[in-house]
Amino acid sequence: MRALLFEIKESMLIALRAIKANKVRSSLTMLGIIIGVTAVVVMSTAIKGIDNSFQTGMSSLGTDVLYIDKWAWFTNEDWWKLRARRNITMEDYERFKEMATLPSAVAPVINSRQTIKYGDLRVENVFLNGSTADYVKTTNFTFSAGRFYSEIESKSSRNVAVIGSEIAKNLFPRGDALDKTIKIGGVNFQVVGVLAEQGSWLLGNFNPDNQVFIPIGTVFKNFMARSWNSITINVRAPSPALLEETKIEAEGVMRKVRGLTVNDENDFSINQQEGLMETLYSVVGVIQIAGLFITGLSLFVGAIGIMNIMFVSVKERTREIGIRKAIGAKRRTILGQFLLESSSICLMGGLIGLLFAVLLSMLINQFFPTSVQYDAVIIAIVVSLLTGILAGLAPAYTAAKMDPVEALRYE
Amino acid sequence: MNIINIGHISRVYQVGSEEVYALRDVSLRIDKNEYVAIMGPSGSGKSTLMNLLGCLDTPTSGKYEFNGISVSDMSDNQLAAIRNKEIGFVFQTFNLLARSDALHNVELPLIYAGIPYAERRERAEKALIDVGLKDRMHHKPNELSGGQRQRVAIARALVTKPSIILADEPTGNLDSKTGEEIMALFADIHSKGNTIILVTHEEYIAEHAARIIRLRDGLIENDEKVINRKLPKLSATA
């Protein structure tokens with residue numbers, strides 16, 4: 001064991017000597033690996049980032065929630081056909097709530113986009129949600145300050161608001177949002193709660209931290225006519241396991257509410273995250289595979305570069321190999337020397353590539369969620385070492401099995 | 001006590017469909033602390049014999065005992081170990097690692113022998129001092145003269161305290177004065193109890209040895225003691 005460690009250490013020193021002696025060549029070879037590892041690590045952190053933001057977004061929505069809507073999230077139906085459906089109204093919601101027995105919470109939702117102001121500070125294009133006090137029960141919200149608006153506030157359509165963390169940060173840099181009066185689309189609202197940060201989400205420019213929640217009545221009163229817009233009914237199943245049953249019940253209740261006969265088609269859609277997840281996962285999956293394939297290819301090209309250089313290096317150092325063998329280097333010593341040389345080049349390249357990847361990820365993170373994980377370090381080290389060993393194997397073997405007499409005669 | 005005991009050794013090379021005998025049925029014994037020169041014109045088989053004696057190659061047939069151990073059918077790795085511990089090579093073209101300094105070159109066989117850093121540094125330094133290169137330890141081969149390079153090679157050969165020193169035309173690439181100095185160094189090494197085998201095709205170099213073996217066409221033509229042994233005119237570390 002000690003002899004082996006000794007041999008590895010000495011081979012390592014010899015390998016480093018050889019790399020140092022051929023600085024230009026070594027660094028050019030390294031470049032291939034640097035690019036390859038950078039690409040692989042950036043790609044995998046980007047994928048991780050997509051995944052993470054996806055998970056966060058999903059869990060903030062809740063996996064056990066159904067969304068009864070005029071529109072279907074995923075459908076093969078023609079758009080105009082969906083458009084022709086009757087709006088879902090507040091009355092539909094009230095009757096649905098009365099009749100449905102399974103849901104743990106039911107809440108109507110209407111959305112709008114508004115500008116929010118506090119003093120001189122303003123946030124444009126904020127996603128406004130109007131709902132009832134039950135809305136909070138259909139989510140997994142946590143609060144950094146205050147609470148959700150109460151049933152009384154909701155029923156009496158008081159001008160109270162719950163704001164997302166991003167908005168709180170922008171309007172109240174000192175973190176004193178609670179009880180302040182903000183202007184939503186020109187109307188005064190009192191802040192009763194601030195949500196904890198949920199993290200950015202991948203989908204378009206939708207940011208869950210850039211939302212505001214107000215009683216649904218205040219939306220109709222101030223921002224849009226009650227009769228013109230279709231609402232969404234959020235229905236939360238008592239548990240994820242009961243989602244399917246809740247859905248079946250919801251469909252039946254909804255058909256009754258809408259007064260449909262046996263022969264009528266549903267004139268509403270029951271959406272759920274599962275479909276969203278499946279679709280998005282398949283998209284993400286394709287991105288992942290394509291991305292890893294392309295970046296893997298660049299690494300592969302780098303590996304071929306290493307192999308090529310190592311073959312040249314072995315040929316060029318035939319004499320040196322002969323000398324080493326003559327004075328007692330064993331086959332495995334020579335093998336180890338060249339393997340260590342190629343894997344050291346790759347490892348250095350891998351670490352430099354990792355550094356680049358981290359910097360690049362930070363840069364990309366400005367526009368697109370990436371997430372540099374500790375496992376990126378492991379990926380970089382393992383991938384580059386493996387590349388070095390695989391690329392070095394054939395040349396090192398050629399060197400190891402050289403005949404010392406022939407090698408010494410080589411000019 | 002025989003250090004080298006060769007019995008009916010042959011080495012055949014396959015050239016195309018033809019078999020070429022580089023050595024035919026050669027038998028030879030060399031004792032401890034002998035100073036032997038192997039001579040012969042090119043194609044006589046002296047290089048082949050030298051490779052076999054140096055355990056760089058194995059015979060096609062016949063027996064080779066080194067220090068009483070049969071090496072004729074050893075594996076590559078076993079031969080490497082024998083070369084490392086028992087044989088010190090000195091080549092015509094020096095065969096030093098061009099990118100390493102003298103000290104590292106001399107230290108190299110000790111690395112392969114598994115000697116720890118401090119000890120092998122000390123031994124390599126001493127070997128270089130012994131061949132008169134105290135001030136050249138950190139010079140690379142291209143910063144040294146031919147004679148100095150050969151001294152580094154000799155230091156490398158001696159540093160493992162081998163049973164034999166095998167020198168293949170050690171003065172072939174040197175001018176005659178430097179060649180004389182190197183031969184003086186060999187005489188000095190021999191006088192300290194080392195066994196030296198010298199391969200050369202030059203009579204005046206061979207005459208430094210105490211015994212000359214002449215090869216021709218793969219056979220030993222003549223094996224005799226040198227009567228008028230040439231003694232070095234110069235001191236070893238001049």
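**Exercise 1. Strands 1 and 2 of chain B**

Ten is a number to look for here: 10 bridges link strand 1 (residues 2-15) of chain B with strand 2 of chain B, and the two run antiparallel. Keep in mind that the model is predicted.

*Solution.* 
- Start with one bridge you can find on screen: B:R11 has B:L23 of strand 2 of chain B as its bridge partner.
- Next, widen the view. The sheet is open, has four strands in the order 2-1-4-5 (chain B), and pairs in the antiparallel sense.
- Finally, read off the ends.

As background, strands of a sheet pair through backbone hydrogen bonds, either parallel or antiparallel.

**Exercise 2. A strand with two partners in chain A**

Find out which strands pair with strand 1 of chain A, beginning with the one joined to it over four bridges in the antiparallel sense.

*Solution.* 
- On one hand there is strand 9 (residues 232-236) of chain A, which pairs with strand 1 of chain A in the antiparallel sense over four bridges. Within this pairing, A:L66 is bridged to A:V235.
- On the other hand there is strand 10 (residues 269-272) of chain A, also antiparallel to strand 1 of chain A and joined to it by four bridges. Here A:I68 has A:I270 as its bridge partner.
- Now check burial. Four of the five residues of strand 1 (residues 65-69) of chain A are buried, so this strand is largely enclosed by the rest of the structure.

**Exercise 3. Helix 5 of chain B**

Work out how far helix 5 of chain B reaches from its first C-alpha to its last, and what covers its buried residues.

*Solution.* 
- Take the length first. Helix 5 (residues 146-158) of chain B has 13 residues and spans 18 Å from first C-alpha to last, close to the 18 Å expected at 1.5 Å a residue.
- Then consider burial, for which a residue needs 20 or more other C-beta atoms within 10 Å of its own. In helix 5 of chain B, 11 of the 13 residues are buried, so the helix is largely enclosed by the rest of the structure. Among them are B:G147, B:R149, B:V152, B:I154 and B:L158.
- Last, look for the cover. It includes strand 6 (87-90), helix 3 (102-112), helix 4 (117-130), strand 7 (164-168) and helix 6 (176-191) of chain B.

For the whole of chain B, 47% of the 238 residues are buried. The chain holds seven helices and 10 strands.

**Exercise 4. Two helices that cross**

Describe how helix 3 of chain B and helix 4 of chain B cross, giving the approach of their axes and the angle.

*Solution.* 
- Two packed helices are described by the angle between their axes and the distance between the axes.
- For this pair, the axes come within 9 Å and cross at roughly 125°. Helix 3 of chain B and helix 4 of chain B are therefore oblique to each other.
- The crossing of these two helices is right-handed. Residues making the contact include B:V106 and B:L110 of helix 3 of chain B, together with B:A124 and B:L128 of helix 4 of chain B.

**Exercise 5. Where the chains meet**

Which element of chain B gives the most to the side that touches chain A?

*Solution.* 
- Count both sides: 20 residues of chain B contact 17 residues of chain A.
- The elements of chain B that give two or more residues to this side are helix 2 (76-86) and helix 3 of chain B.
- Helix 2 of chain B gives the most, with six residues.

Technical notes: Residues are numbered from 1 along each chain as its sequence is written. Chains are lettered from A and ligands numbered from 1 in the order in which they are written. This is a predicted model: local features need pLDDT of at least 70, side-chain atom pairs count only at pLDDT 80 or more; totals for chains, interfaces and linings use all residues. A residue is buried if 20 or more other C-beta atoms lie within 10 Å of its own, exposed if 12 or fewer, and partly exposed in between; C-beta atoms are placed from the backbone. The expected span of a helix is 1.5 Å times one less than its number of residues. Two residues are in contact if their C-beta atoms, placed from the backbone, lie within 7 Å. Two strands pair if DSSP finds at least two bridges between them. Axes are lines fitted to C-alpha atoms, for helices over the stretch in contact, and angles run from 0 to 180 degrees between N-to-C directions. Angles under 35 degrees count as roughly parallel, over 145 as roughly antiparallel, 65 to 115 as roughly perpendicular and the rest as oblique. A crossing is left-handed if the near helix is turned anticlockwise from the far one by less than a right angle, and right-handed if clockwise.
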